[in-house]
Amino acid sequence: MKKILIISLVLIVISTACKKDNESENPDSTSCNGVVCEPSLLADETSATLPLEIQGVFQTTYSYAEPTSPFSNGQKAKFTLTSNNELIIEIEGEECLTLKNPAFRAGLGESNYFFKDDCDRNICYSVSQTSTGVFNEVNVQPYEGAGWFGQFAQE
């Protein structure tokens, strides 16, 4: 009887742990009640769909801030990439923001997913993948055109 009870308890713990891990890796909804931006594609962009490999929740810290950067070195942020093709941004001390309609930009390949913030800071968050296809970092860039302000990298 003890063996059955112990085995049952172990199975419950394992199934609960697996469920929690899966939910955080591939979130499909959010509790963000902040602003939602749904910008249209720019002339040099095509619509993108987030691959499963980069969906998840990522704790990051800002670095390499340029003088015109909207963020400071050391600023913390949580980025959530959802199965609903959204980027949820939670900058420490600020209201959360949801960005929709990711895009690829002409000439930059398909390993950077551009999320444009046209309702708060008028910038672009470029989510990049590593060479193996997993989440790498979030680069902060001008809303359109070339340029770079800094990056949020995993802690």
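Does N112 count as buried or exposed, and at what relative accessibility? N112 counts as buried, because its relative accessibility of 18% falls under the 20% cut-off. The model that shows this is predicted. Its protein chain has 155 residues, of which 41% count as buried.

**Overall architecture**

- The protein chain contains 1 helix and 11 strands.
- Read from the N terminus, the order of elements is α-β-β-β-β-β-β-β-β-β-β-β.

**Strand β3 and its partners**

- Strand β3 covers residues 56-63 and pairs with strand β4, residues 76-81, in the antiparallel sense over 6 bridges.
- Strand β3 also pairs in the antiparallel sense with strand β11, residues 150-154, over 4 bridges.
- T61 has K76 as its bridge partner in β4, and T61 also stands opposite A153 in β11.
- As a general rule, side chains in a regular strand alternate between the two faces of the sheet.

**The surroundings of N112**

- N112 belongs to strand β8, which spans residues 112-117.
- Once neighbours within four places in sequence are set aside, N112 is in contact with A103, F104, S126, V127 and S128.
- N112 and N136 are separated by 24 residues in sequence, and their C-alpha atoms are 9.8 Å apart in space.

Conventions:
Residues numbered from 1 in each chain as written. Predicted model: local features only at pLDDT ≥ 70, side-chain atom pairs only at ≥ 80, totals over all residues. Heavy atoms only, no water. Helix = DSSP H or I, 4+ residues; strand = E, 2+ residues; numbered from the N terminus. Buried < 20%, exposed > 50% of the residue type's maximum accessible area, 1.4 Å probe, protein only. Pairing = 2+ DSSP bridges. Contact = heavy atoms within 4.5 Å.
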